[in-house]
Amino acid sequence: RPLIKEMFSFAGWSFIGVTSGVLRDHGGNILVNIFSGPAVNAARGVAVQLNGAVQGFVTNFMTAINPQITKSYASGDMSYMLSLVRKSSRMSFYLLFLIALPILFNTEYLLSLWLKDVPAHTVVFVRLFLIFALCESLSNPLMTAAQATGDIRRYQTVVGGLILLNLPLSYIFLRAGFQPEVTVVVAIGLSLICLAARLVMLKNMIGLDVGGFLRRVCLNVVCVVAAALILPSLLDGFFPDGFLGFCLSVILCVTSAGLSVLMVGCSAKERKDIRDMLYKRFRR
């Protein structure tokens, strides 16, 4: 009976977080449909579909990492767990950023290849959803670490309550006359607030070093993004129109992002590990 009670308690509090996420996503669709009509809602749907395909890469990565975070907490190896949380937060962001950067710079062309008639607002929706996904990627390992403790009542109440604010805030902005993209802007802002809330709560739950996370993860990814944007921003206008220009832009974006991640985002040991791994792969 105590075990069943504990299991149902965990499932019940997890339900709050799941419900808040569903209301954020599908509630935004309903609000956009009410205020802007089905055409704009279709544009949002296209952006959500593309974003889901891109996020699949990070989901697969976290599927491999999550059991390690839970196992290290269960075995009491807190130093390894905290190190794993920091590294997986950075690596999740980097993996998504390598895919998102060329899409951000070539959104119009990609949508024109995919769709015959691109609905209005689709380009902005796609870019905003990719930014939202990048923000969320930093929080995914923190969510796993919180769930590993088993005591998630306070965590789900605070974070779930913040996520639920997406619906009323989006309604207020749409009612005030803002563009439908404001629903995603609200989601991005609340995602960053939720990240801050998770850091504060995990400091008490697992002894997370908030300052260290901000320096080693948040500041690190900001520097990587800033460095990666330099070349694509300067050379974007020089590429020819059409498929050739698209290919050149993708190559430049991926190269710039990859070099930025390798030289700015990774430590000397991580760079050595990557070189050794690539050497073994090519040797095979």
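Visitor: Which residues have the most contacts inside the largest nonpolar core?

Guide: This is a predicted model, and in it the residues with the most contacts inside that core are F97, L142, L208 and F213. The core itself has 66 residues.

Visitor: Which elements give two or more residues to this core?

Guide: They are α2 (38-74), α3, α5, α6 (153-164), α8, α9 and α10. The most comes from α5, with 15 residues.

Visitor: What is F97 in contact with, leaving aside its neighbours within four places in sequence?

Guide: Look for heavy atoms within 4.5 Å. For F97 the partners are P102, L134, V224, V225, A228 and A257. Of these, V224 and A228 are buried residues of α9.

Visitor: Let's follow α9, then. How many residues has it, and how far does it reach?

Guide: Helix α9 runs over residues 210-235, which is 26 residues. From first C-alpha to last it reaches 37 Å, close to the 38 Å expected at 1.5 Å a residue.

Visitor: Where does α9 bend?

Guide: At L229, by about 30°. A proline, P232, follows within four residues, and P232 is also among the buried residues of this helix.

Visitor: Which helices do the buried residues of α9 pack against?

Guide: You can trace four partners: α3 (78-105), α5 (122-149), α8 (182-206) and α10 (243-265). The buried residues include G212, F213, V217 and C218.

Visitor: And what is found at the start of α9?

Guide: There, a side-chain oxygen of D209 comes to within 3.4 Å of the backbone nitrogen of G211.

Methods: Residues are numbered from 1 along each chain as its sequence is written. This is a predicted model: local features need pLDDT of at least 70, side-chain atom pairs count only at pLDDT 80 or more; totals for chains, interfaces and linings use all residues. Side-chain values use heavy atoms; hydrogens and water are left out. The expected span of a helix is 1.5 Å times one less than its number of residues. The bend at a residue is the angle between axes fitted to the seven residues ending there and the seven starting there. Buried means under 20% relative accessible area, exposed over 50%, partly exposed in between (1.4 Å probe, protein chains only). A polar contact is a pair of N or O atoms within 3.5 Å; within protein, one must be able to donate a hydrogen and the other to accept it, and residues adjacent in sequence count only if both atoms are side-chain atoms. A nonpolar core is a set of buried Ala, Val, Leu, Ile, Met, Phe, Trp, Tyr and Cys residues joined through side-chain atoms within 4.5 Å.
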